[in-house]
Amino acid sequence: GAVLVAVAAAIGNLLQGWDNATIAGAVLYIKREFSLESEPTIEGLIVAMSLIGATCITTCSGGISDWLGRRPMLIISSVLYCVSGLVMLWSPNVYILLLARLLDGFGVGLAVTLVPVYISETAPPEIRGLLNTLPQFTGSIGMFLSYCMVFGMSLSELPNWRLMLGVLSIPSLIYFILTIFFLPESPRWLVSKGRMIEAKKVLQRLRGREDVAGEMALLVEGLGVGGETTIEEYIIGPANEDIEDQDISDDKDQIKLYGPEEGLSWVARPVTGQSTLGIVSRHGSMASQSTLGLVDPLVTLFGSVHEKAPETGSMRSALFPHFGSMFSVGGNQARNEEWDDDIVPREGEDYPSDGGGGDSDENLHSPLISRQTTSLDKDIVPTNHGSLTSLRHGSLMQSTTGEQVGSMGIGGGWQIAWQLSEKVGPDGKKEGGFKRIYLHQEGVPGSRRGSLVSLPGNDAPVDSEYVQAAALVSQPALYASELMKQHPVGPAMVHPAETPKGPSWKDIFEPGVKHALVVGIGIQILQQFSGINGVLYYTPQILEQAGVGVLLSNLGISSSSASLLISGITTLLMLPSIAVAMRLMDIAGRRSLLLSTLPVLIISLLVLVIGSVVKMGNVVHAAISTVSVVLYFCFFVMGFGPIPNILCAEIFPTRVRGVCIAICALTFWICDIIVTYSLPVLLKSVGLAGVFGMYAVVCVISWVFVFLKVPETKGMPLEVITEFFSVGAKQVAAAKNN
């Protein structure tokens, strides 16, 4: 479901690519009809009006999308595309054409800003990078199809530029139909407005399964901005008789985790003696530690999660075949018939059997918070509380201090859990409260049998199995202490403490959000100044030198048609590279792709500089330039092309995502305008070698910025990413104060 929805949404970017390519071809014929050879300003405006429209609409699109929703904005975008196409088809004079281009720019601005947000909010964490590379892919397909169409039209005796531009309304009509009848609203936006039932239905459709309790709870938790979060670590292992007989079972810090089968349970103990960011101090890579503190602690923090993750991407850890849903995506536990009699699913809910399920996600069924009672002789008695309660598929935790935890998978190997504390206050009364925990299994510690890791202060039995888990512990987003008296089954999802608030400017100045904005704005600026516009501008000239123009003229193709065909071929070369990037985005990761592709861009630009300065034969020069340009394009669309937009759609909290994305997109458009209009001036003043030299320097700065500041976000739920930003920003602030 999520894949089809992402493909449909990415048609918005196909239209943007289509429009960019069409105007590049049509402007040649518009000049002739309106005699604009003597008026370069008007000619420039016809092309630039779309940029101006996109920039203007972006200033308000974020706030409006946080207010109205993502889907209505995509619908408006499709309408603007369609109307602008029809007006361009009619345009009796230049002024009507300029108006149509402005409307078209509005459509482009909305699509470019909101499609990545929409895909990020609907995609599962494991394939979010792949799906968010789709806009780049469809945009290039749109450009290629458009170049083919314009090239075909240019071969006629009297090419009709109105028809070239007006054809846009046909694919945009298809996009309009899809946005109206196929695209659902973003579940994260629905939850932010308190529309829980709608959000649940959308999630069930997107995930293709009935039980989405874990992710629903995650979306609620994502509504918080800031908040105090600590990082703790637990060692989790089986609570077998040998351990339970020792004094370890009397440990007050011990949390007990019960499995789905009778007699199968685990204990979790905090790893003591660690700082709040113990995970970094223990696992931060030595390279990061040795760079004199220049690397952002946030980068090390994110890196430590990926460094220590089990090798299987889906977290269906073969190490623990019976570890249930504690650290696996699907329910792969053996069925215990005795227990099923005690489980009464909610009316109308049908639970699939384990037999045919295997590792399928359809088997994931767990409550928001499951309740158990534990008698003195450790018997486990499940009780039904009228919610999604399937003990077969929920992992239940209960600590010896009376704290209860219900845990669920939320994607990317993460689990969400709550601790219900009932502490006795000074006046003797019981005080209750929730703590929200995101759990993540760390790498296989040492050996399969767990002999290298033991619970603190005890030797691990040789045949036991242990995992180490990082835990992000925080207060739940929406939960009031007075609701404890009502014995709620789950957190805010079932009993919201307050009506979710809209975005406020105050939230943007929260340390984690500010930190994310620095990363988002920085990478957008560097992307635009890394030379893509200059190389695009120069490509026809290079290919002309390489003899492609001569070859085409021998075939009887005019120079204007030849330039269109050359541009189309260039675009076609990008598609395989984007396909490779889609495959690698969730395997290698965003940061790794940037760090490995940017050096190729630097080398390509330096070769172009040398080619411009050093005198060499025409054939050699043309060959070297052509190879450099092709390499630049291929590696740009693998890394620096799609990743800035992907990152910006991932690193902001739900409540301010629209506003923050709009700020980043506005930066993108302003820099695009600056680069586009400064290029001819720079070519006159410093020449081609100077321009490419400047771009190469920007690429070097970009590599340093990515290395020091850009964290790896692959496979992590959006809410966990924003929580990490919050923790990392506070760590930076604490370091400065110290």
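This is a predicted model: local features need pLDDT of at least 70, side-chain atom pairs count only at pLDDT 80 or more; totals for chains, interfaces and linings use all residues.
**Reasoning about cores, a cavity and a buried arginine**

Mentor: The core has 80 residues, and the ones that touch the most other members are Ile30, Ile46, Leu97, Trp161, Leu165 and Val191. Helix α5 (residues 94-122) gives the largest share, 14 residues. Domain 1 (1-183) and domain 3 (505-737) each contribute at least three residues to this core.

Trainee: What is tryptophan 161 in contact with, leaving aside its neighbours within four places in sequence?

Mentor: Tryptophan 161 contacts Ala26, Tyr29, Ile30, Glu33, Phe34, Met88, Ser91 and Leu97. Contact here means heavy atoms within 4.5 Å.

Trainee: Why is arginine 188 called buried?

Mentor: Set the value against the cut-off. Buried means under 20% relative accessible area. Arginine 188 has 5%, so arginine 188 is buried.

Trainee: Where is arginine 188 found, and which residues does arginine 188 touch, not counting those up to four places away in sequence?

Mentor: Arginine 188 sits in helix α9 (residues 187-192). Arginine 188 touches Ser120, Glu121, Leu218, Leu219, Thr654, Arg657, Leu718 and Glu719.

Trainee: Now the cavities, please! How many of 30 Å³ or more does the structure hold?

Mentor: There are seven of them. The largest cavity holds about 90 Å³ of space.

Trainee: What makes a space a cavity rather than a pocket?

Mentor: In a cavity, a 1.4 Å probe fits but cannot get out, whereas a pocket is open.

Trainee: Where does the largest cavity lie, and how do you know that?

Mentor: Look at who gives residues to the lining. Domain 1 (1-183) and domain 3 (505-737) both do, so the largest cavity lies between them. The lining is made of Val112, Thr113, Pro116, Gln524, Asn645, Cys648, Ala649, Ile661, Cys664, Ala665 and Phe668.

Trainee: Which helices each supply at least two residues of that lining?

Mentor: Helices α5, α24 (643-648) and α25 (657-685) do. The largest share, four residues, comes from α25.

Trainee: How do the lining residues of the largest cavity divide into nonpolar, polar and charged?

Mentor: Eight are nonpolar, three are polar and none is charged. Asp, Glu, Lys and Arg count as charged, and the lining runs through Val112, Thr113 and Pro116, among others.

Trainee: And what about the chain as a whole?

Mentor: The chain has 738 residues, of which 59% count as buried. Its secondary structure comes to 27 helices and 10 strands. Among contacts between residues at least 6 apart in sequence, 78% join residues at least 24 apart.

Key. Residues are numbered from 1 along each chain as its sequence is written. Side-chain values use heavy atoms; hydrogens and water are left out. A nonpolar core is a set of buried Ala, Val, Leu, Ile, Met, Phe, Trp, Tyr and Cys residues joined through side-chain atoms within 4.5 Å. Buried means under 20% relative accessible area, exposed over 50%, partly exposed in between (1.4 Å probe, protein chains only). Domain bounds come from an automatic or database domain assignment. On a 1 Å grid over the protein atoms alone, a cavity is a set of points where a 1.4 Å probe fits but cannot get out, and a pocket is an open set with protein on both sides within 12 Å along at least five of seven lines; lining residues have an atom within 4 Å of a point. Grid points are joined across faces, edges and corners, and a volume is the space filled by probe spheres set on the points.
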